Amino acid sequence: MTASCEGCQNSRPLDFDFSMAFQPIYDVSTERVWGYEALVRGVAGEGAYAILSKVEPEQRYRFDQACRVKAIELASRLFTPGSGTKLSINFMPNAVYEPAACLRATLAAARKADFPLDSIMFEFTEDEKVSDIGHLQNIIAEYRRMGFTTALDDFGAGYAGLGLLADFQPDLIKIDMKLVRGIDTSRARQAIIAAMLFVARELDIKVLAEGVETEAEFVNLKAAGVRLFQGYYFAKPAFEALPAIGPDAGTQVMRHHYA
């Protein structure tokens with residue numbers, strides 16, 4: 001057994017329970033839900049912070065693995081078989097010791113639930129700076145080899161910026177809500193997102209706008225060329241369930257799709 005695998009095995013077990021809520025990702029080009037992001041919740045529906053604040057450094061690996069398994073187990077019961085709907089799972093790169101070894105629980109859960117690997121998207125989310133870019137590149141390569149989609153979360157905020165994008169190119173980037181908020185009245189935000197979309201097209205990367213809350217934000221982003229959307233404007237996360245696109249949002253999406 002390698003030292004990295006020993007590190008995985010020796011991490012401290014979790015001493016708390018948790019579950020997941022799901023929020024839809026809508027594709028305006030196909031007029032359907034493209035996927036759902038699995039979001040950590042307490043077993044009574046408590047917010048993510050209530051759970052994440054309990055995770056000690058030596059539990060990071062176990063928690064990361066448990067999140068993947070929980071998300072796959074729930075999605076296998078909720079998703080329509082054969083629909084091709086994506087399941088988006090957040091994970092922490094610094095919790096991955098060795099890509100192939102740390103995928104064993106994910107692969108076992110997918111096999112047990114008969115959940116297709118190409119329907120799984122991993123979002124790279126990290127509150128701490130990724131210090132080893134080579135390690136992150138190895139994770140990306142291994143995940144793609146296994147058929148997973150990869151995404152860079154919170155793009156344009158914190159550590160998820162152009163420097164990280166230059167070092168590796170995921171399949172998808174999620175524009176952070178700080179850039180989305182008020183884009184309809186902000187010339188600076190409009191220019192920044194236009195530049196992001198240009199770079200994404202050049203690198204053949206899909207773009208998703210997250211945290212969309214108003215019709216004005218949606219209209220502006222759609223006009224700029226964004227096709228994938230996520231946020232309260234479409235639906236709030238539902239605890240252990242798949243929420244429908246809100247009737248007002250659905251009507252506006254259809255109206256502006258054909259405008």
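Predicted model: local features only at pLDDT ≥ 70, side-chain atom pairs only at ≥ 80, totals over all residues.
Which ring does the charged end of Arg68 sit over? The answer is Phe91, with the charged end 5.0 Å from the ring centre. (A charge sits over a ring if NZ of Lys or CZ of Arg is within 6 Å of the ring centre and within 35 degrees of the ring normal.)

Residues are numbered from 1 along each chain as its sequence is written, and side-chain values use heavy atoms, with hydrogens and water left out.

## Rings meeting rings

Phe91 also belongs to a cluster linked by ring pairs, together with Phe122, Phe124, Tyr143, Phe148 and Phe168. Rings of Phe, Tyr and Trp (its six-membered ring) pair if their centres lie within 6.5 Å; planes under 30 degrees apart count as stacked, over 60 as edge-to-face and the rest as tilted.

Searching the whole structure turns up 18 aromatic pairs. One of them is Phe218 with Phe234, an edge-to-face pair at 5.7 Å centre to centre and 85° between the planes. This pair links distant parts of the chain, 16 residues apart: Phe218 is in helix α9 (residues 215-224), while Phe234 is in the loop between β8 (228-229) and β9 (238-239). Helices (H or I, at least four residues) and strands (E, at least two) are DSSP runs, numbered from the N terminus. Phe218 is buried at 0% relative accessible area, and Phe234 is buried too, at 1%. Buried means under 20% relative accessible area, exposed over 50%, and partly exposed in between (1.4 Å probe, protein chains only).

## A strand covered on both faces

Now take strand β6 (residues 172-175): Leu172 and Lys174 on one side are buried, and so are Ile173 and Ile175 on the other. Strand β5 (residues 149-155) runs parallel to β6 and is joined to it by three bridges, with Phe155 partnering Ile175. Strand β7 (residues 206-209) also pairs with β6 in the parallel sense, over four bridges, and here Lys174 stands opposite Leu208. Two strands pair if DSSP finds at least two bridges between them.

## Inside the cores

The largest nonpolar core has 63 residues, and Met20, Phe63, Leu87, Val212, Leu221 and Phe229 touch the most other members. Helix α3 (residues 60-78) gives the largest share of this core, seven residues. A second, separate core of seven residues includes Trp34, Leu172, Leu208 and Leu228. (A nonpolar core is a set of buried Ala, Val, Leu, Ile, Met, Phe, Trp, Tyr and Cys residues joined through side-chain atoms within 4.5 Å.)

## Glu217, tucked into a helix

Glu217 lies in helix α9 and counts as buried, at 2% relative accessibility. Leaving out residues up to four places away in sequence, Glu217 touches several others, including Val180, Asp184 and Val212. Contact means heavy atoms within 4.5 Å.

Gly182 is 35 residues from Glu217 in sequence, yet their C-alpha atoms are 6.6 Å apart in space. A polar atom of the Glu217 side chain lies 3.1 Å from the backbone nitrogen of Gly182.

Definitions and conventions: Polar contact = N/O pair within 3.5 Å; in protein donor to acceptor, adjacent residues only side chain to side chain.
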